[in-house]
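Work through these exercises with the model in view. Each task is followed by its solution.

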Amino acid sequence: VAVVMGGGGGGGSGSGGAMGWHWTYGAADGSAAALLLGLTGLAIGMAVTEADGAEDGSKDGIWYIWFSVLFAPMGCLLRWQLSGLNGRTGWFPLGTFFANMLACCVDYGLEVVMLRVPLTPLQRAVVLGVVTGTDGCLSTVSTWVVELQTLSLRPALMTRAYVYGASSIVCGVVFGLLIYGVPYWTD
């Protein structure tokens, strides 16, 4: 607490000032961490509770969604890290492109696993949780559309939007054909 409250100059001895500001962020960080741990525990508990009866087929449902909740933060954090690549290569949003292509490749790979490997209901729920949670957060259409719109705002540079849009679609389809298609066709 002393490190959090002891920062920065100026602050006075009580209410407000720099000390109050730093303490507020420390309390918010602690509250966020406690909330995160609590919600993670809840998601794990729900996934385990909902899994009871699913192994023998007596329980239907969408209990894999609890695994999606557990795996979603990994996709968010990875996307956030990859967004640092945007702007480093000129006009092409490389971070978003890599995030979307990585999500496509993982999705295709896990579809091959579900196609080729006999999975228990629990294993299938975990795989679907990764596809829905991690990959769903890793790739978003909304960011892609905003970037396409931003690239197309200047009519003289409209071709950049078409290049980015076409490369995203073509690369996604090519990866799908290679990762999903080849094992399917060689079956």
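**Exercise 1.** At what angle do helix 4 and helix 5 (residues 121-138) pack, and how far apart are their axes?

Solution. This is a predicted model, in which local features need pLDDT of at least 70, side-chain atom pairs count only at pLDDT 80 or more, and totals for chains, interfaces and linings use all residues. Residues are numbered from 1 along each chain as its sequence is written, and side-chain values use heavy atoms, with hydrogens and water left out.

- Step 1. Find helix 4 at residues 94-116. Helices are DSSP runs (H or I, at least four residues), numbered from the N terminus.
- Step 2. Read the packing: the angle is about 170 degrees, and the axes are 9 Å apart. Axes are lines fitted to C-alpha atoms over the stretch in contact, and angles run from 0 to 180 degrees between N-to-C directions.
- Step 3. Classify the angle. Helix 4 and helix 5 are therefore roughly antiparallel (angles over 145 degrees).

**Exercise 2.** Is Val112 buried or exposed?

Solution. 

- Step 1. Locate Val112: helix 4 holds this residue.
- Step 2. Take its relative accessible area, 14%; Val112 is therefore buried (under 20%, with a 1.4 Å probe and protein chains only).
- Step 3. Look along the chain. Ile179 is 67 residues apart from Val112, yet their C-alpha atoms are separated by 7.7 Å.

Technical notes
Helix = DSSP H or I, 4+ residues; strand = E, 2+ residues; numbered from the N terminus. Parallel < 35°, antiparallel > 145°, perpendicular 65-115°, else oblique. Buried < 20%, exposed > 50% of the residue type's maximum accessible area, 1.4 Å probe, protein only.
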